[in-house]
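User: I have a structure to get through today. Can you take me over it in plain words?

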Amino acid sequence: MGLELFNTLILCLLVVVAVLSLWVRDLVVSAVVFAIYSFLMCLLWAEMGAVDVAFTEATVGAGVSTVVLIATVFNLKRKAKD
Amino acid sequence: MKKAAFILVLCIGLLLAWAAKDFPSWGDPQSPASSSPVASHFIANTGVDTEVPNMVTAVLADYRGFDTMFETVVVFIAGLAVFSILRGGPKNRTRDREFVVDFEPDLIVTNTVRLIVPVIQIFALYVLAHGHVSPGGGFQGGVAMGASFILIALSWDLKTALARFPIERCFTVAALGIVIYAGIGLLSLFLGGEFLDYAHLAKIFPVSPEMARYHAMLGVEIGVGFTVTAIMFALYASLSTDGRMRDGL
Amino acid sequence: MFEDGSIFNQLLVERLNYFIYVVLLLIGLWAMIAKNNLIKKLIGMSIFQTAIILFYVSIGVKEGATIPIYLPEHDPHGSHAQLDSNHTELLSHGA
């Protein structure tokens with residue numbers, strides 16, 4: 001019983017990627033790093049056995065929401081001040 | 001401001017971390033979520049009640065069908081809100097764009113997309129229709145289908161995609177999806193059951209009540225798929241052009 | 001510091017997953033409060049909500065469990081049951 005190494009690794013990577021997506025100034029890079037966050041989340045959900053949630057995260061989170069975020073940034077200033 | 005926010009966030013964090021020691025450890029079969037009577041009831045009864053192997057689909061589309069119906073309505077309203085807010089702005093508003101779109105569609109990209117879009121669409125239909133026996137369903141299939149239209153818009157331009165799927169037709173298709181969903185619910189209401197009580201559909205279709213629930217779930221998923229496909233594309237088309245439906249990304 | 005029963009052992013070794021959820025939630029909350037850019041606020045909100053959903057899903061995880069889809073031999077009305085009834089019919093015909 002307890003956490004396996006794979007889950008621990010993904011959980012630690014999640015924190016790193018979450019901080020990174022808020023850290024970078026370039027909003028397109030931010031959106032793409034957030035897609036990596038969604039993909040890691042999808043891996044974690046598939047590992048937990050919640051396959052439907054994993055599928056939804058893979059299509060909505062890593063797929064369409066990245067495209068919509070980039071399409072929004074396209075109409076705004078690309079560089080953020082913080 | 002930032003310092004106050006940091007202290008507030010830290011206090012909330014300490015409270016939550018203090019509460020964490022009372023929660024069950026990872027993978028504990030005796031955890032409250034796993035030992036509740038609701039979970040074991042669904043595990044024991046979905047196969048008997050509905051013949052659907054995927055319990056998540058059965059709970060989503062049958063036991064909690066009302067919830068999913070209004071979730072679909074929320075998706076529809078979100079698309080409508082984005083479209084009308086961006087469309088209703090001042091007509092000749094000028095924004096400084098970081099990128100200037102002035103290119104011919106690339107030959108290699110467009111030919112690759114021409115090859116893979118049918119595959120994506122067939123996979124989306126498979127996910128939608130096979131949601132009972134494997135992970136998937138209306139939302140996932142609809143998003144994959146919408147993504148294929150977004151891919152067309154990305155590799156050619158938005159005009160090409162809008163020629164295949166006009167923005168007015170998007171909202172017609174989205175409303176049609178909700179009408180399909182609510183229509184199946186109303187049909188079972190008129191046949192003597194409650195709203196979305198699919199077992200009563202067995203009175204007009206030559207199937208058992210369990211198989212009626214199975215097939216009504218497929219119908220409901222098709223309705224969800226219509227709405228999500230259309231709204232995903234409408235969202236992209238509105239957001240990438242600032243509501244003007246010209247010179248997209 | 002990490003001996004059995006101490007608060008650090010409880011939090012960072014046995015309940016590491018809850019610690020990570022709290023950290024993710026705080027990152028999202030902090031971004032929603034302190035960032036000025038609306039896209040950054042949106043990403044913070046997504047991180048916040050995925051942390052909460054992750055918490056809900058993870059208390060339902062069971063060690064050694066399968067995914068919530070019936071295998072044919074578990075399904076009372078599935079293909080396996082039909083095979084079984086055919087099998088018994090064949091047997092009764094044979095007898």
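Analyst: Ask about any part, and the answers will follow in order.

User: What kind of model is this?
Analyst: This is a predicted model, in which local features need pLDDT of at least 70, side-chain atom pairs count only at pLDDT 80 or more, and totals for chains, interfaces and linings use all residues. Residues are numbered from 1 along each chain as its sequence is written, while chains are lettered from A and ligands numbered from 1 in the order in which they are written.

User: And what are the ipTM and pTM scores?
Analyst: The model has an ipTM of 0.90 and a pTM of 0.87.

User: Start with chain A. How many helices and strands are there?
Analyst: Chain A has 3 helices and 0 strands. In order from the N terminus, chain A reads α-α-α.

User: What box do its C-alpha atoms fill?
Analyst: Along the principal axes, the C-alpha atoms of chain A fill a box of roughly 50 × 25 × 10 Å.

User: How much of chain A is buried?
Analyst: Of the 82 residues in chain A, 48% are buried. Buried means 20 or more other C-beta atoms within 10 Å of the residue's own, exposed means 12 or fewer, and partly exposed is in between, with C-beta atoms placed from the backbone.

User: How many residues does each side bring to the contact of chain A with chain B?
Analyst: Chain A brings 18 residues and chain B brings 24. The chain A side has 10 nonpolar, 6 polar and 2 charged residues. Two residues are in contact if their C-beta atoms, placed from the backbone, lie within 7 Å. For the classes, Ala, Val, Leu, Ile, Met, Phe, Trp, Tyr, Cys and Pro are nonpolar, Asp, Glu, Lys and Arg are charged, and the others, Gly among them, are polar.

User: Now chain C. How many of its residues are in contact with chain B?
Analyst: The contact joins 25 residues of chain C to 27 residues of chain B. Helix H1 (7-14) and helix H2 (16-34) of chain C each give at least two residues to the chain C side. H2(C) has the largest share, 9 residues. By class, the chain C side has 15 nonpolar, 5 polar and 5 charged residues.

User: Where in chain C is confidence lowest, and where highest?
Analyst: Confidence is lowest in helix H4 (residues 79-94) of chain C, with a mean of 45, and highest in helix H3 (residues 38-58) of chain C, at 92. The score is pLDDT, the predictor's confidence in each residue, from 0 to 100. Chain C averages 76, and 69% of the residues score at least 70. Over residues 83-95 of chain C, pLDDT stays under 50, and the model has 0 contacts there beyond four places in sequence. Where pLDDT is low, the predicted coordinates should not be read in detail.

User: On to chain B. At what angle do H6 and H7 pack?
Analyst: Helix H6 (residues 107-129) and helix H7 (residues 138-155) of chain B pack at about 170°, with their axes 8 Å apart. Axes are lines fitted to C-alpha atoms, for helices over the stretch in contact, and angles run from 0 to 180 degrees between N-to-C directions. H6(B) and H7(B) are therefore roughly antiparallel. Angles over 145 degrees count as roughly antiparallel, under 35 as roughly parallel, 65 to 115 as roughly perpendicular and the rest as oblique. Their contact has 14 nonpolar, 7 polar and no charged residues.

User: And how far apart are the axes of H5 and H9 in chain B?
Analyst: The axes of helix H5 (residues 65-87) and helix H9 (residues 167-190) of chain B are 10 Å apart, at an angle of about 165°. That angle makes H5(B) roughly antiparallel to H9(B). Their contact has 9 nonpolar, 4 polar and no charged residues.

User: Which residues does B:Ala161 touch?
Analyst: Leaving out residues up to four places away in sequence, B:Ala161 touches B:Phe149, B:Ile152 and B:Ala153. B:Ala161 is in helix H8 (residues 158-164) of chain B. B:Ala161 and B:Phe149 are 12 residues apart in sequence and 6.4 Å apart in space, C-alpha to C-alpha.

User: Last one: is B:Glu51 buried or exposed?
Analyst: B:Glu51 is buried, because 23 other C-beta atoms lie within 10 Å. B:Glu51 sits in the loop between helix H3 (37-50) and helix H4 (55-63) of chain B. Phi of B:Glu51 is near 65°, a positive value in a residue other than glycine. Most residues other than glycine have a negative phi.

Notes: Helices (H or I, at least four residues) and strands (E, at least two) are DSSP runs, numbered from the N terminus.
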